[in-house]
Structures are given as structure tokens and as C-alpha cells.
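Visitor: Can you walk me through this one? I'd like to start with how the chains meet.

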Amino acid sequence: MSDSNEAIAQETMVELRNLNKWYGEFHVLKNINLSVKKGERIVICGPSGSGKSTMIRCINRLEEHQQGEILVNGTQLTEDLKKIEAIRRDVGMVFQHFNLFPHLTVLENCALAPIWVKKVPRKEAEATAMKFLERVRIPDQALKYPGQLSGGQQQRVAIARSLCMNPDVMLFDEPTSALDPEMIKEVLDVMVELAQEGMTMLCVTHEMGFAKTVADRVIFMDGGQIIEENNPHEFFDNPQHERTQLFLSQILQH
Amino acid sequence: MFVGLVAWLVIKNLPYKGLVAALTLFVFPVVAFFLLYGGAFGLVEVETHKWGGMSLTLILAVVGIVASLPFGVALALGRRSDMPIVRSLSIIYIEFWRGVPLITVLFMASVMLPLFVPEEISFDKLLRALIGIVMFQSAYMAEVVRGGLQAIPKGQYEAADALGLGYWKKMVLIILPQALKLMIPGIVNTFIALFKDTSLVLIIGLFDLLAIVQAALNDPEWLGYSTEGYIFVALMFWVFCFGMSRYSLHLEKLLHTGHGSRT
């Protein structure tokens, strides 16, 4: 996978430099350095409380960082609301609990942001929304409300909703953790397709099968630090760090 | 006319809702004002302090309700704002008006206020009472709205943020529609209380439905009918309040999209 993308993989999409964050006294992120190139697929794993979700939530400033720099597509993330909103337009996010808007239909959920943020005419936005709903294979649910769909369907709608904004980067925050086992596959299938189309992705997930199939790099975090970073092949077969070995042995033994 | 317009709005699936709503909000008050105030079209001029009865009760309640809702929403958003000045002003406003009885507000509006402003500027008594009621009521409404805002999960705010919606779009498109739905019981509760509180305007010399019946009972021809009079007033209040409460239940059902189908 990575070889075929070498040509376009020059441009840096997301860059974190010496990122530090505290929750009060608690030091959640310690000196994080990470550079993600265009088209790269990164999988981030680690035990709960290791700061992996916090890290990707910093990238679209759902969490504020206290030290260090975050650059998305060359724009530096600062207090400036204009810049924050500009970055959020280019960065799509999929949440663990879907966070669809329950008072709007599936189609309205998808068309809302393009209409109001990008000023796309309603007709056009709805046509785009239908296109992406077809891609996640639920065009027939377009006029239902999120509450009438299964978890897996809701998560696919959430992915379509993000794609409608035509993002440069997609962030996935444990997208399959809240799903019943039989629904995980339908969501992962959509994510694999997306990866194969060359979307830049940062996924926090424990789906190691997914990591093996699509990831260019796997990052292991613990205690707010990046412990290990390698291609999936090396990462799973030949983990360097003791903490990584322990983690992998615990999640892979069944 | 008012009943007709509102009925049109309340019943589902009738056409031209937007137009009818605009008529109700903007044209109807003007027409009603001229019909009540008179002076034009050969009608006898009736000054506002002589208005009374059911029409006065309805004017106070409807204007109070319609005007206090947007103010209440604004105050609630202000109280939850990140900006310290906006937040403290909202808190001061809300806590001040909630801490004062409505009777005091009405007294202040009708008796004290004219003492403080120069004599040339004299507000209409009814208008003063209305402003007092709206200011008082919006403080209560603000707290109901705030309760609704706090019930919206954090994920909804985050999803709206992540899509790049700014503060106002996030509030108007995502948060308030959901919050208002949750707040229906609280809002209607406040409205019902306001509707009944309108009888307090008696103490500043305005005659609402209850007061006008009391006045009528002093008429020698009505002697001995006091029980019937009071029962009639009670019944009128009950009918309106019960109507509001039923309509709120109907609205809650109509807006429910959690599960099951909507149509």
C-alpha cells in the first residue's frame, strides 16, 4: 500500500510538535511529535487513559493544548476562531458514540454542514449527501431519523456526514467500540474502502485486523507518550518495547 | 380572528403556515389594537386603562408569553456564555427579577416609575404593566431554557464543532431545536403560571377577567349571582390552561423522533 502512494506522500498533512497538555495537574500528553503525510493511514492504539483520543481531539481543537504546535495543512492551530473553524472544515471526525443529530433525518444530517458552512445550494448538497450515503451503502435510509437505525448504520451515516464536507483528513475516535460485534464489520468495510481511495486517516482503534490491512504506521501510546511507532508488519511481529509486547499479548491472545 | 389564526397554526397540514404565522405576529396585533382602542373608523376611542375583561387577560398573557420566550433564550445563552461580562450581566438580571414578587414589579411599573421619569414622558399604563411582566417572565423562562440546554449531551456540541459550525449556527440549528423540545413541559408550566398571574394587574387598576366579574357583582342587578360569576371565571381559566397543557402533550408527541416512525 505505502509504496503505491509514495508519489503523493510528500506533502505533510498534520504535524504535531512537542505537544503537551494538562488536565489540571494531570499531564495527559507529554511531548508528542507526529507527522502525517498526505494519504497516510495511521492507527493509534494503547491502553485506556493513554491519551490517544485526547491527541486526535487536539487536532481539530475539541481539546485545547497548552504547549507545542499543531499544524494542519500548513495552518497553525491557535486561539484564533477563524483558523479553528477553517481547520475544522478540512478535518472530518467520527466519534465513538456517532453523535448524529437526532432531530434531523439522515439526509439532513449529511447536508447540514455543507449548506450552512460551505454555502452549497440545498439541492446540490442533498445530491452530494445521497452520493456518500450510497457509498456507505444506506441510501434507502436517507429519510429516516437516526433513532430508527442500528448502531452500525448510524456510524456509517456519521462517516458519510463527515465525507460530505470533503475533508482532507479524517479522524476516527474508536469508531467501532460502541458497536455490537456483528456490526463492526460493516463499519470497518467502509473504512477500508475509504483508506484504499487514498484518504488521509488517523484512527484510534483496537481493531488490529484493520490496522494490519490498511495502516501505513501503527502508533502505540501509553501514559501520554508515544512509546512505539512502526509499520504494521514490524509492529505486530517484532514489537521493540516491553510495554508494547505486554499490550499486544493481552489483546491478541484471543 | 385571533382564534381562527391560531387554530390554523395549530392544526397540522394546512397550507401557508408561514404566511399565517406572519399575519398572527404582525398584522393581527395592529388590527386588534385599532378595534380595541377605537378612534378610527367611527369607533369610540377607548383608552387602554379602560380596557378590561377577557381581552385584557389574553393580551397580557399572549404578549407576555410571545415576548418572554426569545428574551429567555437570549438570557439563558448569556448565562452559559464564555464571555465573563455577558455571563455576569445575565446572572444579575435573572437573579434580580426572580427574587422580586410580580406584584412588586407591577407596582414599581405603575406607581414608582412615573415618579422617576420627567412628566412629559408618560408611558401608557398597560404598556408599563406589559413590560414589567415580560421582564419578570423572561427571567423564569431563562432558567427553564438553561435546564434544557444542559440536558443536551456534550457529543452534540462536539459534533457541531467538528463540522465547522460556528457558535450561532450550532445553537440555532443543532442545540436549541433539541433543547426546546425537551423544555416543552417546563415552558408550558411557566406559561400557565403567567396566564393565571395576569389577574394581579387588578392592583394597579387594570381590570382583567376576574376583576371585571368582581366589579359586575357589585351591580345591583347581579346581586346573588356571585357563585355563578366566580365559577364561570374559574372555568374560563381552567379551559385555557387545560388547552395549553393538552397542546403541549400533542407537540411532544409530534416532535418525537427517537424511535418509531414520525409520519
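Guide: A definition to begin: a salt bridge is a side-chain nitrogen of Lys or Arg within 4 Å of a carboxyl oxygen of Asp or Glu. This is a predicted model, where local features need pLDDT of at least 70 and side-chain atom pairs count only at pLDDT 80 or more, while totals for chains, interfaces and linings use all residues. Residues are numbered from 1 along each chain as its sequence is written, chains are lettered from A and ligands numbered from 1 in the order written, and side-chain values use heavy atoms, with hydrogens and water left out.

Visitor: How many salt bridges are there between chain B and chain A?

Guide: Two. One of them pairs Arg88(A) with Asp161(B). Their closest N and O atoms are 3.9 Å apart.

Visitor: And how many residues are in contact there?

Guide: On the chain B side, 24 residues; on the chain A side, 23. Contact means heavy atoms within 4.5 Å.

Visitor: What area is buried between chain B and chain A?

Guide: About 2000 Å². Carbon and sulfur atoms give 61% of that. Buried area here is the accessible area (1.4 Å probe) that two parts lose on being put together, summed over both.

Visitor: New topic. What is the strand order in the open sheet of chain A?

Guide: The order is β2-β1-β4-β5, four strands with antiparallel pairing. At the edges are β2 (26-37) and β5 (75-76), each pairing on one side only. Strands (E, at least two residues) and helices (H or I, at least four) are DSSP runs, numbered from the N terminus. Two strands pair if DSSP finds at least two bridges between them.

Visitor: How many bridges join β1 to β4 in chain A?

Guide: Five, and the two strands run antiparallel. Strand β1 covers residues 12-23. Asn20(A) has Gln67(A) in β4(A) as its bridge partner.

Visitor: Which strands does α1(A) lie across?

Guide: β1, β2 and β4 of chain A. The helix runs at about 120° to β1(A). Axes are lines fitted to C-alpha atoms, for helices over the stretch in contact, and angles run from 0 to 180 degrees between N-to-C directions.

Visitor: Cys58(A) is in that helix, α1. Is Cys58(A) buried or exposed?

Guide: Buried, at 0% relative accessibility. The cut-offs: buried is under 20% relative accessible area, exposed is over 50%, partly exposed is in between (1.4 Å probe, protein chains only).

Visitor: What does Cys58(A) touch, leaving out residues up to four places away in sequence?

Guide: Leu19(A), Lys21(A), Leu29(A), Glu63(A), His65(A), Ile70(A) and Leu77(A). Lys21(A) is 37 residues away along the chain, with 9.2 Å between the C-alpha atoms.

Visitor: Over in chain B, where does Ser248(B) lie?

Guide: In helix α10, residues 226-254. Ser248(B) is buried, at 7% relative accessibility. Leaving aside neighbours within four places in sequence, Ser248(B) is in contact with Ile184(B) and Val188(B).
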